[in-house]
Each structure stands twice: as structure tokens, then as C-alpha cells.
Amino acid sequence: ILGIAGLVGSGRSSLLQTLFGVHADYEGELVLEGAPYRPAAVDEAMAAGVALVPENRVREAAFMDRSVSENLAIAMLKENWSTRWMSRGKEHRRAAELIGDFGVKVSGPRALFSSMSGGNQQKVILARWLQRRPRLLLLDEPTQGVDVMSRADIYATIRRAAADGMTVVVASSDMSELHALCDRVLVLARGRITQEVRA
């Protein structure tokens with residue numbers, strides 16, 4: 001697990017967004033598992049096995065007025081699509097499995113996303129991407145606005161993902177979080193790496 005540290009404006013979020021294909025105009029080279037990687041758009045990054053949990057889940061990741069099931073299914077549309085329409089039964093069954101696997105506290109798959117606590121919302125966003133089994137998981141402030149118990153659950157989920165062979169990059173302003181999670185940390189200032197710190 002690689003940590004990205006730095007003050008506001010250091011480029012933490014921009015770095016993760018670039019890796020996820022949000023920003024296509026940049027200098028330098030990217031290599032993913034030994035092969036050149038230069039996503040021009042988000043769909044290219046997703047096809048290459050990259051996933052991003054952004055800093056602001058309400059504005060950038062969640063559909064607050066939709067169900068938990070729909071929020072989970074949005075990253076797996078092809079798998080839930082039948083010949084002419086979405087298979088709602090399949091969508092709800094898969095959502096129920098993920099709710100159990102990730103310890104989400106909610107009344108059921110059809111509950112509104114907005115009805116959950118911040119910690120459970122974040123677990124759903126994580127589950128949305130982890131069900132795709134990405135090669136590279138990018139997490140921007142993964143426990144911001146999350147209660148202590150949910151934070152522990154999220155840390156355990158991140159560690160499991162790394163243990164399963166997933167590469168994980170965590171950008172955080174919380175030094176204790178980086179200390180708790182990461183094997184090494186890169187410090188950014190004005191978009192450049194200024195230091196590397198081992199665990």
C-alpha cells in the first residue's frame with residue numbers, strides 16, 4: 001500500500017485523478033504492471049483495471065437519491081444487463097451479497113443511499129469498485145467523515161485487497177491514517193515528490 005501525503009494544493013487528488021483518466025494532459029510516463037499506460041478517459045482507465053474512490057463521495061461518487069443497489073450496480077452495468085433491460089433481480093441479489101460481505105448497516109438493497117451513515121456510504125462506494133477486482137485501487141481520503149468503527153472496517157478491507165494482490169494507493173491528509181495503512185509514503189509539494197518515507 002503506497003501513501004501519498006502533502007498539504008492542500010500539493011497535487012494529491014490531481015495525481016489520483018490523472019491515474020484514473022480524468023486528466024489526459026500531463027507530462028511523463030505511466031507504467032501499469034510493466035506495460036505503458038496512458039488513459040485518455042475514465043472508461044479507458046476502468047478497462048485497464050483501475051478504480052478510484054474520490055475524496056468527496058457525495059459530489060463525485062454517490063447517487064444520493066438512488067438505492068444502495070443502484071449505487072453498487074453502476075460499475076457493473078454490462079454484467080446486470082440482459083438482452084433488452086437491466087436485470088433488477090440479479091442486481092438486488094448481488095447487492096445483498098455485497099452488503100453482507102462488506103458489513104454495510106442498512107435495511108436492504110432498496111434503501112436510499114442517503115439513508116445511511118457516512119461510514120456505510122463509504123463502504124458501499126468501496127464495494128462498488130472492489131467487486132470489479134481492479135488491478136490498481138486509488139483511494140482519496142478514504143475515511144474522511146467516517147466514524148471510528150467504520151474506519152476500522154475500511155482499513156481491514158483495504159488491507160485484504162492488498163493481501164489479495166491488488167495495488168493500493170492512498171492519498172490522505174491524515175498522517176495517522178498513512179502510518180496505520182501504508183508500506184511507504186511519498187510526500188508531494190507543488191505536484192512533485194519531495195521525500196519518500198518507509199513504514
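**Fold and the setting of Arg12**

Biologist: In this protein, what share of the contacts with a separation of 6 or more comes from residues 24 or more positions apart?

Modeller: This is a predicted model, in which local features need pLDDT of at least 70 and side-chain atom pairs count only at pLDDT 80 or more, while totals for chains, interfaces and linings use all residues. Residues are numbered from 1 along each chain as its sequence is written, and side-chain values use heavy atoms, without hydrogens or water. Contact means heavy atoms within 4.5 Å. For contacts with a separation of 6 or more, the share from residues 24 or more positions apart is 62%.

Biologist: Is Arg12 buried or exposed?

Modeller: Buried means under 20% relative accessible area, exposed over 50% and partly exposed in between (1.4 Å probe, protein chains only). Because its relative accessible area is 8%, Arg12 is buried.

Biologist: Which residue joins its side chain to that of Arg12 in a polar contact?

Modeller: A polar contact is a pair of N or O atoms within 3.5 Å; within protein, one must be able to donate a hydrogen and the other to accept it, and residues adjacent in sequence count only if both atoms are side-chain atoms. Beyond four places in sequence, Arg12 touches residues including Ser172 and Leu188. At 3.2 Å, the side-chain partner of Arg12 in a polar contact is Glu141.
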